[in-house]
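Biologist: Can you walk me through this model? I'd like to start with the side-chain contacts.

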Amino acid sequence: MTKKNDKAIYYNPPNSPVVPDQFDVRIRLRSLTRGLISQEDVKKYRENLPDDAANADFRPFAEITGHDAGNDSMIPANGKH
């Protein structure tokens, strides 16, 4: 599919791993600026994202980094001193 506006022409092959999604947060501003998507499109996209909160797992800072935020000393990754 070819997308055209007054600034550029893009060839977007179906399912191409090379051409990123226009809603990708890393290029969203560029897509908005070039008129490829609108604020309303972004709003609809965000409203339709799945809620994966049930799959989230809380990990304490110290467990992830091996560093106790309240103490300057390093602690082992297993959390035991």
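Biologist: What should I know about the source?

Modeller: This is a predicted model: local features need pLDDT of at least 70, side-chain atom pairs count only at pLDDT 80 or more, and totals for chains, interfaces and linings use all residues. Residues are numbered from 1 along each chain as its sequence is written, and side-chain values use heavy atoms, with hydrogens and water left out.

Biologist: Back to glutamine 22. Where is its place?

Modeller: Glutamine 22 sits in the loop between β2 (9-11) and α1 (28-33). Helices (H or I, at least four residues) and strands (E, at least two) are DSSP runs, numbered from the N terminus.

Biologist: Is glutamine 22 buried or exposed?

Modeller: Buried, with a relative accessible area of 14%. Buried means under 20%, exposed over 50%, and partly exposed in between, using a 1.4 Å probe and protein chains only.

Biologist: And the overall fold? What pattern does the protein follow along the sequence?

Modeller: The order is β-β-α-α-α. That gives three helices and two strands.

Biologist: How much of the protein counts as buried?

Modeller: Of its 81 residues, 16%. The accessible surface is about 6900 Å², and carbon and sulfur atoms hold 53% of that. Those areas come from the Shrake-Rupley method with a 1.4 Å probe; for residues, only the protein chains shown count as cover.

Biologist: Switching to charges. How many salt bridges does a search of the whole structure find?

Modeller: Three. A salt bridge here is a side-chain nitrogen of Lys or Arg within 4 Å of a carboxyl oxygen of Asp or Glu. Side chains of opposite charge can pair when their charged atoms come close.

Biologist: Which residue forms a salt bridge with arginine 26?

Modeller: Aspartate 24, with the closest N and O atoms 2.6 Å apart. Arginine 26 lies in the loop between β2 and α1. Arginine 26 is exposed at 70% relative accessibility, whereas aspartate 24 is buried at 18%.

Biologist: Which residues are linked in a network of salt bridges?

Modeller: Asp57, Arg59 and Glu63. Arginine 59 bridges to aspartate 57, with closest N and O atoms 3.1 Å apart. Arginine 59 also bridges to glutamate 63, at 2.4 Å.

Biologist: Now aromatics. How many pairs does the count come to?

Modeller: One aromatic pair. The rings of phenylalanine 23 and tyrosine 45 have centres 4.5 Å apart and planes at 5 degrees, so they are stacked. The rule takes rings of Phe, Tyr and Trp (its six-membered ring) with centres within 6.5 Å; planes under 30 degrees apart are stacked, over 60 edge-to-face, and the rest tilted.

Biologist: Which parts does the pair tie together?

Modeller: Phenylalanine 23 is in the loop between β2 and α1, and tyrosine 45 is in helix α2 (residues 39-47), so the pair ties together parts 22 residues apart in sequence. Phenylalanine 23 is buried at 18% relative accessibility. Tyrosine 45 is partly exposed, at 29%.
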